[in-house]
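Points are grouped by topic.

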Amino acid sequence: MKERKEREEADEKGTGRMFDSIAWRYDFLNHLLSFGIDRSWRRRAVREISKRCINPRIIDVASGTGDLAIEASRMSPSGITGIDISEKMLEIARKKIADKKLDSVIQFVKCESENICFEDESFDAAMVAFGVRNFSDPLKGLSEMRRVIREGGIVVVLEFSRPHGTIFKHFYNIYFRYLLPFIGSLFSGHKEAYRYLNESVMNFPENGEFIGIMTSAGFSGISQTRMTGGIASIYTGVRK
Ligand SMILES: C[S@@+](CC[C@H](N)C(=O)[O-])C[C@H]1O[C@@H](n2cnc3c(N)ncnc32)[C@H](O)[C@@H]1O
């Protein structure tokens, strides 16, 4: 048990350091490598909350440079709290919200998903974009997200999935395995981070398997929307 906790802490530190080192290039590469489609994925994820909640209190887990939180600020929330383990990612997020004069709506706190630094039922909705895959323990992180939202509150997870169609899948594999790590390392100088991106996406549970993890974390009514040929998915669920 102690060994597992130590391993999780080491994983978290490593992940935090990795995101610290690519933070300065993160937004640029995100938009470049996804051809800008990541913006519309975040917009759709946020819509899942605005469809169901009025002026919600939202927690954005693994908020990074804050793009999902900024997108959610359009729905007139009561407040948004972004948490992340990378101080450098949060530094950029804070600068962005200051530039956009959103600091009265959004706040950022350094804190890990597996041990969220807020009391039970502090929020109406929890969301996470491209973060769960990086958690040292996805089930624990999702259970923590459940803990901090009220009964009947909603969770939205935006994460990479893998395409089905044979031809598209072939091009996707070439792009993800070879081109993406090459371009990522060229612009960020951090080869490992973009190799990790490819590996983590290829190995992460998707579809029914991921829905199973959300169910174990205590969510019900889970649905999945596959986007852009299946390369990204939005999973939504309700706190039982
Ligand atoms: C790929 S980025 C996603 C950032 C942002 N949500 C977005 O949509 O661009 C993943 C983020 O997860 C954070 N992260 C990874 N493991 C974490 C953990 N255990 N707790 C909190 N944040 C974590 C990283 O520091 C990084 O900022």
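Setting aside neighbours within four places in sequence, Ala-129 is in contact with Val-61, Ala-62, Leu-68 and Leu-158, where contact means heavy atoms within 4.5 Å. The model is predicted: local features need pLDDT of at least 70, side-chain atom pairs count only at pLDDT 80 or more, and totals for chains, interfaces and linings use all residues. Residues are numbered from 1 along each chain as its sequence is written, and side-chain values use heavy atoms, with hydrogens and water left out.

- Ala-129 is found in strand β4; helices (H or I, at least four residues) and strands (E, at least two) are DSSP runs, numbered from the N terminus.
- With a relative accessible area of 11%, Ala-129 is buried; buried means under 20% relative accessible area, exposed over 50%, and partly exposed in between (1.4 Å probe, protein chains only).
- Ala-129 stands opposite Leu-158 in β5.
- The C-alpha atoms of Ala-129 and Gln-107 are separated by 17 Å, and these residues are 22 residues apart along the chain.

**The sheet**

- Seven strands form an open sheet with mixed pairing, in the order β3-β2-β1-β4-β5-β7-β6; two strands pair if DSSP finds at least two bridges between them.
- The edge strands, each pairing on one side only, are β3 (106-110) and β6 (219-227).
- Neighbouring strands of this sheet are turned by 15 degrees against each other on average, direction ignored; axes are lines fitted to C-alpha atoms, for helices over the stretch in contact, and angles run from 0 to 180 degrees between N-to-C directions.
- Strands of a sheet pair through backbone hydrogen bonds, either parallel or antiparallel.
- Strands β1 (residues 57-61) and β2 (residues 79-84) run parallel and are joined by five bridges.
- Ile-59 has Thr-81 as its bridge partner in β2.
- Strands β4 and β5 also run parallel, with six bridges joining them.
- Because nine of the 12 residues of β5 are buried, this strand is largely enclosed by the rest of the structure.

- Helix α2 (residues 37-50) lies across β1, β4 (123-129), β5 (149-160), β6 and β7 (232-239).
- The helix α2 runs at about 165 degrees to β5.
- Asn-134 has its place in the loop between β4 and α5 (138-148).
- With a relative accessible area of 13%, Asn-134 is buried.
- Leaving aside neighbours within four places in sequence, Asn-134 is in contact with Thr-15, Phe-19 and Tyr-196.

**The nonpolar surface patch**

- Phe-28, Leu-32, Phe-182, Leu-186 and Phe-187 form a nonpolar patch on the surface, with about 470 Å² of accessible area together.
- Patches are made of residues with over 30% relative accessible area and no salt bridge; like charges are joined within 9 Å, and nonpolar side chains (Val, Leu, Ile, Met, Phe, Trp, Tyr) within 5 Å.
- Accessible areas come from the Shrake-Rupley method with a 1.4 Å probe, and for residues only the protein chains shown count as cover.
- Helices α1 (2-33) and α6 (166-188) each supply at least two residues of the nonpolar patch, and α6 gives the most, with three residues.
- Phe-182 lies in helix α6 and counts as exposed at 51% relative accessibility.

**Salt bridges**

- The structure holds 15 salt bridges, a salt bridge being a side-chain nitrogen of Lys or Arg within 4 Å of a carboxyl oxygen of Asp or Glu.
- Lys-96 forms a salt bridge with Asp-67, with the closest N and O atoms 2.6 Å apart.
- This pair links distant parts of the chain, 29 residues apart: Lys-96 is in helix α4 (residues 87-99) and Asp-67 in helix α3 (residues 67-72).
- Lys-96 and Asp-67 are both buried.
- Arg-74 forms a salt bridge with Glu-71, the closest N and O atoms being 3.1 Å apart.
- Arg-74 counts as exposed at 66% relative accessibility, whereas Glu-71 counts as buried at 13%.
- Arg-147 and Glu-144 meet through their side chains in a salt bridge (2.8 Å, N to O).
- Because Arg-147 and Glu-144 are three residues apart in helix α5, they are separated by about one helical turn.
- Arg-147 counts as partly exposed at 21% relative accessibility, while Glu-144 is buried, with a relative accessible area of 13%.
- Salt bridges that share partners join Asp-27, Asp-67 and Lys-96 into one network.
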